[in-house]
Every structure is written in structure tokens, then in C-alpha cells.
Amino acid sequence: MVERPSTRIVPDPIPEALKLKVVVVGDQAVGKTSLLKRFATGTYQDGEEKTIGSDFFSKQYKVTPKGLVQITLWDLSGDPSYIDVRNEFYKESQVLFIVFDITNRKSFDAIDMWLREVSKYGGDHLQGACVIVGNKGDLKGKRAVQKDEGENWAKQRGFFGYYEVSAQTGDGVPALFNDVANNFL
Ligand SMILES: Nc1nc2c(ncn2[C@@H]2O[C@H](COP(=O)(O)OP(=O)(O)OP(=O)(O)O)[C@@H](O)[C@H]2O)c(=O)[nH]1
Ligand SMILES: [Mg+2]
């Protein structure tokens with residue numbers, strides 16, 4: 001019997017995306033939804049509506065050197081009355097973003113309160129995977145928290161990192177997500 005060369009075409013395997021779940025907290029109106037929208041859709045609108053309970057964003061993207069990454073972002077309302085909605089998400093997540101507004105001192109001082117909530121509701125494992133994000137970096141003239149102070153504070157606590165971003169202009173947003181994907185995947 002004559003052996004014929006195989007004509008079967010073997011497709012390249014479709015690469016499996018590495019998956020990462022991020023939960024995002026912080027005071028009301030610091031710009032959590034605006035930041036996630038900027039990252040996931042590349043858009044921004046002034047006067048973003050407050051989040052009712054929770055919202056969800058997901059994006060697949062290529063990160064060097066990790067490859068294809070699927071990032072899921074749980075956007076939680078900063079309204080104290082939604083604590084029962086928020087506490088469903090802490091156990092399942094791998095990374096925690098605590099967002100504050102660099103022009104609003106109170107939102108920076110509230111980070112400890114957010115850490116206590118996360119810890120109380122099954123998120124103890126997130127303490128080492130905590131990323132402090134100072135948003136509204138475009139409003140530098142109204143700054144109420146200095147960059148040095150934020151950086152030193154995050155370092156002392158042993159947090160993964162301190163990032164300043166602007167959801168409005170997009171400044172700092174790719175660097176934040178690239179670092180997180182490369183470190184936690
Ligand atoms: N100048 C400036 N304004 C921003 C920025 N990000 C958000 N805002 C504005 O801040 C307000 C609140 O933004 P949201 O994204 O709704 O804030 P949030 O943290 O999701 O608020 P809750 O859903 O209520 O917890 C809106 O008017 C936004 O347009 C930014 O980077 N720069
Ligand atoms: Mg929101």
C-alpha cells in the first residue's frame with residue numbers, strides 16, 4: 001500500500017486567555033466607573049451616572065510578555081447603603097483596586113475603611129494584592145493629596161502599588177493595567 005502524505009490541516013491552537021478578576025472600591029464619585037469605562041471602551045463622559053449596586057466590565061487584550069489576557073472588573077457603588085451587594089464580590093477576586101480622587105482628601109482617608117470592609121467580608125487574601133489608584137490626575141491644580149505622600153503611604157503598608165491616573169484623559173491607565181496583568185497572572 002502506498003502511503004500518502006497526510007492532507008489534514010491542523011489549525012494553530014487558539015490561545016487560551018489568562019483570566020484575572022479585579023474588584024474595584026472607593027468612595028462615591030471618585031471616578032471608578034469612569035476609569036473602568038476608559039480602560040474597557042476607550043471612552044469618557046462628563047457627569048457619569050452613579051453606579052446602582054454593582055456593574056461589570058470585561059476586556060480581552062494582549063500584554064507583553066504574558067500574551068492574551070481576559071480581565072474582569074467588578075465596579076462597585078461607593079454608596080454605604082450597598083454594602084450587602086459589595087460583599088458578594090470580595091471572596092472571588094484576585095486583585096483589589098481602591099480608588100480615590102486626588103482632589104478629595106476625604107476619599108484618601110477613607111482607604112482604611114475600605115480595607116476593613118474588604119477584610120471583614122472574606123477578602124483577607126486581597127491585602128497583598130491591593131492597588132491604590134489616585135484618579136482625576138488632570139485636576140493637578142486642585143490636588144489635596146501629594147503624590148509622595150500617597151506613594152510612601154502605600155509602600156509602608158506593603159501594598160502592590162500606587163498609581164495616579166486620569167479617566168478623563170486616559171493618562172496612566174494603560175500602565176496601571178499592564179503592570180497588574182503582568183504581576184498577578
Ligand atoms: N476631571 C475629572 N473628572 C472625572 C474623572 N473621572 C471621573 N470624573 C467625574 O467624576 C464624577 C464621578 O464619576 P464616576 O465614574 O461616576 O464615579 P464612581 O466612583 O463610579 O461613583 P459611584 O458609582 O457613585 O460610586 C463624574 O462627574 C465624572 O465625570 C477624571 O479623571 N477627571
Ligand atoms: Mg460608579
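The paragraphs below go through the sheet, its central strand pairings, the core and the ligand shell of this predicted model.

Because the model is predicted, local features need pLDDT of at least 70 and side-chain atom pairs count only at pLDDT 80 or more, while totals for chains, interfaces and linings use all residues. Residues are numbered from 1 along each chain as its sequence is written, and chains are lettered from A and ligands numbered from 1 in the order in which they are written.

The sheet comes first. Helices (H or I, at least four residues) and strands (E, at least two) are DSSP runs, numbered from the N terminus. Six strands form an open sheet, an arrangement of 6 strands in the order E2-E3-E1-E4-E5-E6 with mixed pairing. E2 and strand E6 (161–164) stand at the edges with a single partner strand each, so one side of each has no neighbour in the sheet. On average, neighbouring strands are turned by 25 degrees against each other, direction ignored. Two strands pair if DSSP finds at least two bridges between them.

Within this order, strand E4 (residues 95–101) is joined to strand E1 (residues 18–25) by 4 bridges, and the two run parallel. Val 23 has Leu 96 of E4 as its bridge partner, and Val 24 stands opposite Phe 97 in E4. E4 also pairs with strand E5 (residues 130–135) in the parallel sense, over 6 bridges. There, Asp 101 has Asn 135 of E5 as its bridge partner.

A residue is buried if 20 or more other C-beta atoms lie within 10 Å of its own, exposed if 12 or fewer, and partly exposed in between, with C-beta atoms placed from the backbone. By this count 7 of the 7 residues of E4 are buried. In a regular strand the side chains alternate between the two faces of the sheet. In E4 both faces are covered, with Val 95, Phe 97, Val 99 and Asp 101 on one side and Leu 96, Ile 98 and Phe 100 on the other.

A nonpolar core is a set of buried Ala, Val, Leu, Ile, Met, Phe, Trp, Tyr and Cys residues joined through C-beta atoms within 7 Å. The largest one has 38 residues, and those that touch the most other members are Val 23, Val 24, Leu 96, Phe 97, Ile 98, Val 99 and Val 131. E4 gives the most to this core, with 6 residues. Two residues are in contact if their C-beta atoms, placed from the backbone, lie within 7 Å. Not counting residues up to four places away in sequence, Ile 98 touches Val 25, Gly 26, Ile 111, Trp 114, Cys 130 and Ile 132.

Helix H1 (residues 32–41) gives the most to the shell around ligand 1, with 3 residues. A residue is near a molecule if its C-beta atom, placed from the backbone, lies within 6 Å of it. The shell holds 22 residues, of which Gly 31, Ser 34, Lys 50, Thr 51 and Gly 78 come nearest. In H1 itself 8 of the 10 residues are buried, so the helix is largely enclosed by the rest of the structure. The cover over its buried residues includes E1, E4, E5 and helix H6 (173–184). Just after H1, Gly 42 takes a positive phi of about 75 degrees.

Technical notes: Axes are lines fitted to C-alpha atoms, for helices over the stretch in contact, and angles run from 0 to 180 degrees between N-to-C directions.
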